[in-house]
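User: I am new to this structure and would like a short walk through it. Could we begin with one of the helices?
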Amino acid sequence: MVLIEVSNLKKSYGKLDVLKQITFDVNKNDVIAVIGPSGSGKSTMLRSLVHLEEIDGGSICISGDYLVKDGIYSKPQEIKRITSKMGMVFQHFNLFPHLTVKENLELAPKLVKKELNAEIERRSTELLKKIGLSDRASAYPAKLSGGQKQRVAIARALMMNPEILLFDEPTSALDPELTGEVLQVMKQLAEEHMTMIVVTHEMGFAKEVANRVIFMDNGEIIESGLPTEIFTNPKFERTKAFLNRSL
Ligand code: ADP
Ligand code: MG
């Protein structure tokens with residue numbers, strides 16, 4: 001079952017063509033690792049999916065609903081409904097500094113007011129347990145390590161029950177000794193069959209956890225395939241050169 005269908009996605013900043021006719025599908029339960037050099041358009045691609053950027057052409061369809069079709073966006077209310085199927089985790093966590101861990105988790109669901117507070121609190125308790133931070137519920141983000149902050153950011157995204165989670169270099173801002181605890185949570189989500197797109201420099205994670213790897217360079221998807229194909233038998237020189245620099 002196809003959850004995300006991206007076709008001929010185009011995006012420019014002025015004269016700079018950042019995404020050139022990007023086309024790919026994401027199936028339910030896929031864990032897709034997106035790799036590629038800095039500036040290749042990975043963040044812009046992810047941000048376009050959740051409407052943090054507007055594209056200039058092409059289509060994005062999320063579990064059967066067009067966010068944008070042939071460059072024409074759906075109505076604002078539809079956009080809100082469609083993008084709410086996805087959760088996003090950023091490199092720099094983006095937690096609310098003036099709210100506790102528990103409040104960070106509960107803010108968005110309480111604003112949406114679709115559920116009773118008791119249900120929201122039940123879920124935040126459960127998710128804090130899942131990420132191993134039950135004892136930090138009333139701590140402020142400033143008191144947490146980077147790895148803890150990123151685990152909270154993941155739990156916060158999960159609070160909205162997304163169908164798809166997007167990660168933009170979730171471990172790139174962390175000290176090396178803290179990346180493992182974040183990758184472990186992501187690995188667990190993958191084992192629970194969460195559909196995920198992960199932009200990452202962690203080639204070990206891409207090899208071990210992803211079922212497909214997309215290599216981007218200069219605004220294009222150069223190749224995509226099984227991790228074993230991409231890592232052991234890349235077809236294109238640009239992929240080989242990138243992997244030689246990264247492994
Ligand atoms: P990546 O995540 O792969 O490093 P990005 O998607 O962040 O790449 O950026 C792709 C290109 O778009 C880069 O050349 C970057 O400088 C440019 N870019 C990104 N955001 C903007 C912006 N808001 N205005 C102008 N150029 C941008
Ligand atoms: Mg980026």
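This is a predicted model: local features need pLDDT of at least 70, side-chain atom pairs count only at pLDDT 80 or more; totals for chains, interfaces and linings use all residues.

User: Which residues of α2 are buried?
Analyst: Helix α2 spans residues 76–83, and Ile79, Ile82 and Thr83 are buried in it. These residues lie on the same side of α2 because they cover an arc of only 90° around the axis.

User: And what does the face turned away from the buried side carry?
Analyst: That face of α2 carries Gln77 and Lys80, which are exposed.

User: Changing topic: which residues surround ligand 1?
Analyst: The surrounding residues are Tyr13, Leu16, Val18, Pro37, Ser38, Gly39, Ser40, Gly41, Lys42, Ser43 and Thr44. By type, this shell divides into 4 nonpolar, 6 polar and 1 charged.

User: Which atoms lie 2.7 Å or 3.1 Å from an oxygen atom of ligand 1?
Analyst: For Gly39, a backbone N or O atom lies 2.7 Å from an oxygen atom of the ligand. For Ser40, a backbone N or O atom lies 3.1 Å from an oxygen atom of ligand 1.

User: What about Thr44?
Analyst: Thr44 places a polar side-chain atom 2.5 Å from an oxygen atom of ligand 1.

User: How much of ligand 1 does the protein bury?
Analyst: Ligand 1 exposes 570 Å² when taken alone, and the protein buries 59% of that.

User: Which elements give two or more residues to its shell?
Analyst: Those elements are β2 (16–27) and α1 (42–49). The most comes from α1, which gives 3 residues.

Terms used: Residues are numbered from 1 along each chain as its sequence is written. Chains are lettered from A and ligands numbered from 1 in the order in which they are written. Side-chain values use heavy atoms; hydrogens and water are left out. A residue is near a molecule or strand if one of its heavy atoms lies within 4 Å of it. A polar contact is a pair of N or O atoms within 3.5 Å; within protein, one must be able to donate a hydrogen and the other to accept it, and residues adjacent in sequence count only if both atoms are side-chain atoms. Accessible areas come from the Shrake-Rupley method with a 1.4 Å probe; for residues, only the protein chains shown count as cover. Helices (H or I, at least four residues) and strands (E, at least two) are DSSP runs, numbered from the N terminus. Ala, Val, Leu, Ile, Met, Phe, Trp, Tyr, Cys and Pro count as nonpolar, Asp, Glu, Lys and Arg as charged, and the others, Gly among them, as polar. Buried means under 20% relative accessible area, exposed over 50%, partly exposed in between (1.4 Å probe, protein chains only). The arc is that of the directions from the helix axis to the C-beta atoms.
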